[in-house]
Amino acid sequence: MNGSGSTPLSARDWHVLMALTERSLHGYGIMKAVQRDSNGRVTAEIGSLYRVLDRLLDEGLVEETDEPADAPTDTRGRPRRYYGLTRRGRRAFREETARLADALALARERNLVPERSR
Amino acid sequence: MTWCGRWFDVVIRLLPSAFRSRHGGDMRETFSGAWAEHRARGRFAVAAFLVRTTLDMVGTGVRERVRRRRRSGRRVGGRGFRGRFARGASGGGGPLFTWLDVRLGFRMLVKHPGLTLVSTFALAVGIPVGLAPTHIVGGLMAPLPVPQGQEIRLLRQWSPALGKAARSTTHDFEVWSEALTSFERLAAFRQATFNVDPGEGGGTAVRGAEVTASAFTTLRVGPLLGRPIQPSDEEPGADPVVVLGHDLWQARFGGDPSIIGRVVRVGSTPRTVVGVMPEGFLFPTHEGVWVPLAIPTLDDPANAPSVGIFGRLAEGVDAAQAQAEFASVAAHSALPGSDPRMQPQVVGFAYTQVPGLSGGLRGSPEWVAFEILALVILLVACANVGMLVFARTANRAGELSVRTALGATRAHIVSQVFVECLVLAVVASGAGLVLLAAVLRLMWSVLPAALTSAAPWWIDWSIGPGTVVHALALAGVSAVVAGVAPALRFTGRSVQANIQRARARQTGLRMGGLSGALIVTDVAVAVTAVGFALTAAAQVRDAGAANQTVNIPAAEYLAATVSFPLDAGAEGGTATDGARSAGRWAAAQEELVRRLREDPRVSGVAVADALPRMNHDSRLVEAEGLAPPADRRGTSTRLARVAVDFFRSLDQSVLIGRDFGAGDLVGARSAVIVNTTFVQNVLGGQSAVGRRIRFVPWGDGEPGPWMEIVGVVGHLGTRMISAENDQAVYEPFAPGELRSVRLGIHVGEDPTGFATTLRTVAGQVDPDLMVSVIGPLDRVYEGDWYFLIALTTGAAFLVGVLLALAASGIYAILSFAVAERTTEIGIRAALGAGRRELILSVAGRALAQLGLGVVLGIPMATLFTRMNQTSPYAATGQALAVGVTVMVLVGLVACTGPTLRALRVHPSEALKG
């Protein structure tokens with residue numbers, strides 16, 4: 001959703017929000033999480049990632065946060081920005097995930113889900 | 001991170017400034033993390049990452065600008081056909097690149113066949129040039145052609161003090177095998193030449209290797225027949241065994257399927273054949289026979305024999321982990337007194353061929369320079385194609401302006417031109433890959449068999465997926481350089497101005513001084529290069545002509561190498577055994593020469609470490625009483641060590657002074673003979689006999705003892721080319737002093753037919769004598785010959801590239817001029833201008849640039865000639881004339897198409913606008 005709650009999130013947006021559900025992350029952390037969670041199906045090159053972040057920040061789904069206490073010590077003090085979900089972002093993620101789950105359930109019901117995805 | 005950080009600072013400029021100021025610092029930090037991760041995965045991963053990031057930045061920059069423009073209320077394009085046409089192929093809210101753009105790109109290729117051909121040709125030669133360094137290094141340093149060959153790693157210790165890899169020993173092998181866990185197991189090898197005698201008399205010198213049994217297990221290559229060497233074969237007192245290579249088995253044993261169990265003599269030892277390896281297995285470099293490597297038990301590990309050590313990475317272990325463990329183990333196991341600066345390295349097996357390069361071929365400065373030069377040539381090619389694209393875009397001014405007026409954004413127009421260029425570049429890269437494969441095959445085929453038959457067995461010139469990906473990446477970069485830049489320049493004008501110009505059939509654009517300078521440079525460099533290539537080709541032809549550089553009938557001589565395993569009969573033996581072995585070698589050498597001379601077909605046997613036409617050793621020489629050259633300690637001179645009767649055997653008389661005699665081998669041995677070129681170049685034509693000279697080291701160090709010149713001989717050829725520079729010193733040696741000698745046997749016609757006799761006689765004299773027949777002396781090509789071939793092939797390729805670039809540049813500028821001046825040409829034609837006048841008005845500028853290029857090219861070539869006055873590669877006047885003619889012809893051909901197009905302009909058509 002683009003913030004208004006009407007448009008489905010793109011796969012990349014969803015994966016970025018997904019990466020931020022558990023903890024705040026910096027750009028490189030988000031990049032790696034998206035790559036890992038999507039098994040490499042969704043790529044988040046640096047330019048594209050920050051374009052998504054820029055938009056999600058504008059839409060109020062993501063916000064800048066303080067450096068988490070458990071951040072790696074070797075990067076402490078470096079000019080890294082951390083991003084976390086806003087309440088609105090969390091709601092948007094939940095709604096989109098529910099929408100995807102419904103869609104998946106419907107597809108399952110009609111036996112349209114490939115075997116390996118079950 | 002320094003250069004890549006700077007690179008990122010450049011590409012990030014593709015993004016809008018507001019976006020950069022908001023996210024730039026953080027993006028750089030993210031890039032830094034991703035860069036470190038990719039760097040750990042190797043060079044290829046880094047290259048792919050950089051290409052992906054660049055393309056992503058291009059796309060993000062365009063999309064972000066569109067998004068910001070929309071957000072600020074300036075929505076562009078509409079829905080339906082109108083909007084679709086206006087945006088080129090892309091939907092307004094959709095991606096900038098679609099299949100329709102690609103299809104349009106193909107249509108443009110077909111619609112402008114001349115431009116397509118010229119651009120494709122320019123890129124099809126430019127892209128392989130850009131690819132060549134990486135592909136050649138990849139081919140030369142390829143993994144071993146064994147299962148999971150990339151896991152095979154060489155262990156070596158780089159010595160900064162020596163500037164090369166230090167020797168590894170059997171002691172290192174034992175210690176490292178015990179301690180290292182990053183490898184499945186380690187194996188050791190030592191290369192040698194063995195005299196293999198199938199039992200018919202007359203052995204064959206075969207390159208082989210002593211290997212540990214673990215070598216075969218590590219390589220995971222099973223035998224074709226029998227079994228490989230096993231650990232039991234390494235036990236003291238075990239029966240001597242041998243494993244034969246496929247070629248040796250076929251050539252010397254007739255492919256006998258019942259060979260297993262047969263006893264053959266290898267050196268002086270009868271060994272049982274236990275296995276035959278499959279065809280193509282030539283481990284470690286190009287070997288054809290393998291025997292067990294004995295690991296001696298020594299009191300002093302410092303005296304342990306040298307071996308090569310390699311292993312297969314254990315499962316789940318990568319090269320970096322193995323490197324870390326090896327560094328630690330090698331540091332802890334270093335012998336007392338060894339150099340503490342030694343750098344342990346876990347490297348690819350191909351590093352056995354580059355012991356003097358710490359970072360392998362890729363790390364050498366020459367190679368980096370080659371890579372940069374190749375990329376510069378590619379960029380020049382792209383710039384030329386860019387001019388063509390600019391000219392074509394200018395021709396489409398009307399169409400693009402209308403699109404802009406209908407709402408297409410600048411980004412859409414740029415992306416459309418980019419995709420068109422990308423289609424062209426991808427087609428060109430395909431053609432370029434075919435060209436690259438063909439050129440490499442050609443180069444490999446013209447190299448003498450003596451070189452290719454000894455080349456490392458892992459060399460692989462095939463075009464693999466990595467090369468294809470690299471070519472596509474270069475195609476992407478080419479499309480950016482050749483497409484985006486011209487399109488940005490073209491679209492950087494107001495819509496209204498473009499529409500007005502289009503109506504007037506004018507573009508109003510100027511190609512700019514840079515493009516003119518580019519064409520002039522193209523032409524000038526091409527003129528120089530043509531002259532250079534022709535001169536090099538002439539040198540190859542001259543050098544190839546038999547007997548041209550030597551004063552003996554080389555075609556009547558059979559050249560062969562004879563050597564003796566100095567440990568023959570002394571395996572595990574003492575120094576006394578070694579001395580006995582050396583004595584046997586001296587006696588055998590004398591006896592062999594004596595018996596050969598008794599043969600009625602033989603009229604002389606010359607013995608030396610290098611025969612005429614062969615590549616002689618190079619030394620610095622200082623002459624007493626004469627100042628050395630300003631920049632070094634002596635004059636570079638060729639050296640041959642010769643038997644005392646060498647000149648008599650070659651029927652050469654000593655011109656001044658005396659020949660060597662037996663007395664010159666007694667005592668301090670101070671007599672040397674020089675050639676006439678030495679007298680001229682080193683002694684300045686002064687009297688030579690009685691003068692003293694000495695060898696001085698290239699770097700620091702003590703000079704050798706003084707030697708007295710006792711005679712002067714004529715020119716005999718000390719390397720393939722440049723007779724005027726082959727000043728030579730001849731030093732006498734006694735039989736047995738050199739580990740191997742070259743024999744020049746004067747047998748008259750068909751010297752090759754004498755090879756069998758030579759082998760038989762050698763076998764009779766001493767079964768340990770190893771004979772390696774080189775062939776007729778006039779077909780010996782060593783040293784500079786290879787360099788010349790590489791130079792000529794490279795120069796011919798370069799000339800092709802430069803001519804194509806110059807032609808495409810001229811074509812582009814003329815096409816543009818015709819498009820620009822259609823109305824003017826029409827008016828002129830209507831006013832009765834003649835064809836000659838029209839031709840001059842159209843082609844004048846290009847012809848002027850052509851002329852200027854030629855005028856600049858001649859002094860460049862002349863300067864080159866002056867700088868290389870002593871070099872055989874200097875351009876000659878004749879070659880230069882040909883270069884100028886070729887360039888002018890190419891330029892005129894490039895002018896023809898656009899000029900004819902201008903002449904076809906009908907006045908009424910031109911004036912319609």
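This is a predicted model: local features need pLDDT of at least 70, side-chain atom pairs count only at pLDDT 80 or more; totals for chains, interfaces and linings use all residues.
User: What makes chain A and chain B count as touching?

Analyst: Two residues are in contact if their C-beta atoms lie within 7 Å. By that test, 14 residues of chain A are in contact with 19 residues of chain B. Therefore the chains count as touching.

User: Which helices of chain A supply at least two residues each to the side that touches chain B?

Analyst: They are α2 (27–37) and α3 (46–58) of chain A. The most comes from α3(A), with 6 residues.

User: What pattern does chain A follow along its sequence?

Analyst: The pattern is α-β-α-α-β-β-α. Chain A has 4 helices and 3 strands. For chain B, the counts are 26 helices and 23 strands.

User: Why are β1(A) and β3(A) called a pair?

Analyst: Two strands pair if DSSP finds at least two bridges between them. β1(A) and β3 (residues 82–85) of chain A have 2 bridges, so they pair. The sense is antiparallel. As one example of a bridge, A:L25 has A:Y83 in β3(A) as its partner.

User: What makes β1 and β2 of chain A edge strands?

Analyst: In chain A, 3 strands form an open sheet in the order β1-β3-β2, with antiparallel pairing. β1 (25–26) and β2 (62–65) of chain A each pair on one side only. That is what makes them edge strands.

User: How do you know what share of each chain is buried?

Analyst: A residue is buried if 20 or more other C-beta atoms lie within 10 Å of its own. Buried residues make up 32% of the 118 residues in chain A. In chain B, they make up 44% of 913 residues.

User: What share of contacts join residues at least 24 apart in sequence?

Analyst: Take contacts between residues at least 6 apart in sequence. In chain A, 57% of these join residues at least 24 apart. In chain B, the share is 81%.

User: How do you know what confidence the predictor has in chain A?

Analyst: pLDDT gives the predictor's confidence in each residue, from 0 to 100. Chain A has a mean pLDDT of 82, and 83% of its residues reach 70 or more. Over residues 1–5 of chain A, the pLDDT is below 50. Beyond near neighbours in sequence, that stretch has 13 contacts in the model.

Methods: Residues are numbered from 1 along each chain as its sequence is written. Chains are lettered from A and ligands numbered from 1 in the order in which they are written. A residue is buried if 20 or more other C-beta atoms lie within 10 Å of its own, exposed if 12 or fewer, and partly exposed in between; C-beta atoms are placed from the backbone.
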